[in-house]
Amino acid sequence: MGKNDFLTPKAIANRIKAKGLNKLRWYCQLCQKSCRDENGFKCHQMSEGHQRQMQVFGQNADRVVDGFSEEFESGFMDHLRRAHPSSRVSAKNVYNEFIAGRHHVHMNSTKWLTLTEFVKHLGRTGQCKVDETEKGWFITLIRVDPAKALSDAEKLKRERQEEEEEERAQRLLHMQVERARKMARTDGTADDEAPANTELQRSAADEPIKLSLAATGAAAATAAAAGDGKSSAAARG
């Protein structure tokens, strides 16, 4: 058999050691790698693959932590539904059962620093009924009707779509207003510019019109005399 054969005593011993859980401080959640001792963990931190993962983490750390938090919460609740669907159990016991799996998401990679904070989060979100006793925190799963949960999810999805459509309409309206203002500035007729004040100037054509009443009176007298002459001629005839 070769030196690194699958059935060599050393390979079998390594697999036996790998079955158990190592210390949490020697586990890298980004690479999902568990090291056996401090020296191995330091060597892993200096590896090229770990350095690339750290660069990705540095670009958007909040998003990565939120992703680990959602994955941890989902796995914990799935285990609680399967193992303790209707019983009141200790949160510490459920947590120990959940972390028995080798490749679970560790709590130190989430936004919750302690199990107490996570249990309080489950109570605030209405997923579990939590109560604190002298023996620690106890949780009870709150069973939700699947049809109601589906309707609530659809309602939430519809509200998000409406908000997105409203935001899109607001952005489109803002873009149209900005485009209109740019076109107005280009034509020299910007809406936000007030017309300049100018001094009133009168020309010769703007002088007041004068009427001659004397000439009008003379014309009326002539018309009256002509009317009297016609009347006298008709009477003689």
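User: In what sense do β3 and β5 pair, and over how many bridges?

Analyst: They pair in the antiparallel sense, over three bridges. Keep in mind that this is a predicted model.

User: Which residues stand opposite C128 and K129?

Analyst: C128 stands opposite L141 in β5. For K129, the residue across in β5 is T140.

User: OK, so what's the strand order in the sheet?

Analyst: The order is β3-β5-β4, an open sheet of three strands with antiparallel pairing. β3 and β4 stand at the edges with a single partner strand each, so one side of each has no neighbour in the sheet. On average, neighbouring strands are turned by 30 degrees against each other, ignoring direction.

User: Which strands does α4 lie across?

Analyst: α4 lies across β3, β4 and β5, and it runs at about 70 degrees to β5. Helix α5, residues 91-98, packs on the sheet too, where it touches β3 and β5. The direction of α5 makes about 70 degrees with that of β3.

User: At what angle do α4 and α5 pack?

Analyst: About 105 degrees, with the axes 10 Å apart. The range from 65 to 115 degrees counts as roughly perpendicular, so α4 and α5 fall into that class.

User: Which residues make that contact?

Analyst: From α4 you have F72, G75, F76, H79, L80 and A83, and from α5 there are V94, Y95, E97 and F98. By class, the contact of α4 with α5 divides into seven nonpolar residues, two polar and one charged.

User: How do α4 and α6 pack?

Analyst: α4 (residues 61-83) and α6 (residues 115-124) pack at an angle of about 75 degrees, and their axes are 12 Å apart. That pair is therefore roughly perpendicular as well. On the α4 side the contact uses F72, E73, F76 and M77, and on the α6 side F118, H121 and L122. The classes there are five nonpolar, one polar and one charged.

User: So which α4 residues turn up in both lists?

Analyst: F72 and F76 do: they are in the contact with α6, and they are in the contact with α5 too.

User: Changing topic: where is H84 found?

Analyst: H84 is found in the loop between α4 and β3, with β3 being residues 88-90.

User: Is H84 buried or exposed?

Analyst: H84 is buried: its relative accessible area is 14%, and the cut-off for buried is under 20%.

User: What does the side chain of H84 make a polar contact with?

Analyst: With the side chain of E97, at 3.1 Å. E97 is also among the α5 residues in the contact with α4.

User: What else is H84 in contact with?

Analyst: Setting aside neighbours within four places in sequence, H84 is in contact with H79, V89, V94, E97 and L141. H79 and V94 came up in the contact of α4 with α5.

User: What about N93, where is its place?

Analyst: N93 is in helix α5. It is partly exposed, at a relative accessible area of 44%. The C-alpha atoms of N93 and F138 are separated by 9.4 Å, with the two residues 45 apart along the chain.

User: Zooming out, how many helices and strands does the chain have?

Analyst: Eight helices and five strands. From the N terminus on, the elements run α-β-β-α-α-α-β-α-α-β-β-α-α.

User: And how much of the chain do buried residues make up?

Analyst: They make up 20% of the 237 residues. As for contacts with a separation of 6 or more, residues 24 or more positions apart account for 47% of them.

Note on methods. Residues are numbered from 1 along each chain as its sequence is written. This is a predicted model: local features need pLDDT of at least 70, side-chain atom pairs count only at pLDDT 80 or more; totals for chains, interfaces and linings use all residues. Side-chain values use heavy atoms; hydrogens and water are left out. Axes are lines fitted to C-alpha atoms, for helices over the stretch in contact, and angles run from 0 to 180 degrees between N-to-C directions. Helices (H or I, at least four residues) and strands (E, at least two) are DSSP runs, numbered from the N terminus. Angles under 35 degrees count as roughly parallel, over 145 as roughly antiparallel, 65 to 115 as roughly perpendicular and the rest as oblique. Contact means heavy atoms within 4.5 Å. Ala, Val, Leu, Ile, Met, Phe, Trp, Tyr, Cys and Pro count as nonpolar, Asp, Glu, Lys and Arg as charged, and the others, Gly among them, as polar. Buried means under 20% relative accessible area, exposed over 50%, partly exposed in between (1.4 Å probe, protein chains only). A polar contact is a pair of N or O atoms within 3.5 Å; within protein, one must be able to donate a hydrogen and the other to accept it, and residues adjacent in sequence count only if both atoms are side-chain atoms. Two strands pair if DSSP finds at least two bridges between them.
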